[in-house]
Amino acid sequence: MTLAAQTRTPPPAAPLPAPPPAADDPEAGPTRRCLASGARGPKEGMVRFVVSPAGEVVPDVAGRLPGRGFWMRAEPAMMKDIRALARLFGRAARRPVKVSGDLAERLEKLLAGRCLERIGLARRAGQALAGADKVAEALGRGRGRGGVLLEAADAGPGGRDKMAPRVMPLGVHAHAERITIIRVLTADELGAAFGRARTVHALVAAGGHADALRCDAARLEGMRAGGAGRQNKGPGAEDAAESLSLG
């Protein structure tokens with residue numbers, strides 16, 4: 001045997017796979033436990049909070065702030081008793097914490113801003129449009145499949161339901177995707193997203209922006225309507241989830 005054969009370096013061992021998340025990891029898996037109610041549910045219907053270095057409870061609507069996360073359902077009732085909430089957060093964080101008295105209002109503003117940001121991103125990507133005529137034309141061409149139809153929450157029934165004749169025929173497509181109607185933003189808020197004074201109808205095409213908007217709007221609706229998960233349930237839309245399910 002040659003000296004080279006005797007001193008050959010063995011090949012590096014394959015890297016070990018990352019260990020699975022611990023079973024007791026509170027931020028592992030698709031569900032989270034609501035700190036206030038103790039109930040578990042999909043994380044998309046909850047909001048993450050963290051405790052800042054100064055000891056303040058901070059909403060983390062993007063879910064990116066460092067530190068241990070604490071989750072609550074996106075409902076104002078969960079944040080009504082500030083003192084009790086401070087005790088809950090303090091016990092969970094194992095340190096004294098401060099909870100702002102306007103936590104629910106701050107969270108609502110953050111979620112509304114996040115929805116408008118989503119719409120703005122879709123608009124800049126050429127995936128969003130506004131105005132009754134443009135939206136009606138796009139729906140007529142089938143561009144609403146898998147997307148989000150935004151209707152101002154404060155619009156009158158006549159204006160709000162103006163798109164119904166355009167939306168309902170989409171249901172004849174056997175394998176089309178669902179279109180979601182969201183009625184949680186005001187006409188002024190929708191207008192701000194498109195650089196207008198007021199907007200009653202807007203459309204976000206299917207894709208990542210529409211998917212993210214569904215989640216953010218559901219949480220915002222939970223804060224504004226007092227309970228999460230009530231999209232498509234505005235006046236005149238009690239059966240919207242069924243009638244708009246396109247396959």
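# Rings, helix and sheet

Guide: A search through the whole structure finds two aromatic pairs; rings of Phe, Tyr and Trp (its six-membered ring) pair if their centres lie within 6.5 Å. This is a predicted model, in which local features need pLDDT of at least 70 and side-chain atom pairs count only at pLDDT 80 or more, while totals for chains, interfaces and linings use all residues. Residues are numbered from 1 along each chain as its sequence is written, and side-chain values use heavy atoms, with hydrogens and water left out.

Visitor: Why is the pair of phenylalanine 49 and phenylalanine 89 called edge-to-face?

Guide: The ring centres are 5.8 Å apart and the planes stand at 65°. Planes under 30 degrees apart count as stacked, over 60 as edge-to-face and the rest as tilted, so this pair is edge-to-face.

Visitor: What makes this a link between distant parts of the chain?

Guide: Phenylalanine 49 lies in strand β3 and phenylalanine 89 in helix α2, 40 residues apart. Helices (H or I, at least four residues) and strands (E, at least two) are DSSP runs, numbered from the N terminus.

Visitor: What values describe the pair of phenylalanine 70 and phenylalanine 89?

Guide: The centres of phenylalanine 70 and phenylalanine 89 are 6.0 Å apart and the planes are at 90°, which is again edge-to-face. Phenylalanine 70 sits in strand β5 and phenylalanine 89 in helix α2, so the pair ties together parts 19 residues apart in sequence. Through such ring pairs, Phe49, Phe70 and Phe89 are linked into a cluster.

Visitor: How do you know whether phenylalanine 49 is buried or exposed?

Guide: Its relative accessibility is 0%, and buried means under 20% relative accessible area, exposed over 50%, and partly exposed in between (1.4 Å probe, protein chains only); phenylalanine 49 therefore counts as buried. Phenylalanine 89, also with a relative accessible area of 0%, is buried.

Visitor: What makes arginine 94 and alanine 206 fall into their accessibility classes?

Guide: Arginine 94 reaches 76% relative accessibility and so counts as exposed, whereas alanine 206, with 37%, is partly exposed. Arginine 94 belongs to the loop between α2 (82-93) and α3 (103-124), and alanine 206 to the loop between β9 (201-204) and α8 (208-225).

Visitor: Which residues have the most contacts inside the largest nonpolar core?

Guide: A nonpolar core is a set of buried Ala, Val, Leu, Ile, Met, Phe, Trp, Tyr and Cys residues joined through side-chain atoms within 4.5 Å. The largest one here has 48 residues, and Phe49, Met72, Met79, Phe89 and Leu150 have the most contacts inside it. Helix α3 gives this core its largest share, eight residues.

Visitor: What makes β4 and β5 edge strands?

Guide: Three strands form an open sheet in the order β4-β3-β5, with antiparallel pairing. Two strands pair if DSSP finds at least two bridges between them, and β4 (57-60) and β5 (70-73) each pair on one side only. Strand β3 (residues 46-51) and β4 are joined over four bridges, and valine 51 has valine 57 in β4 as its bridge partner.
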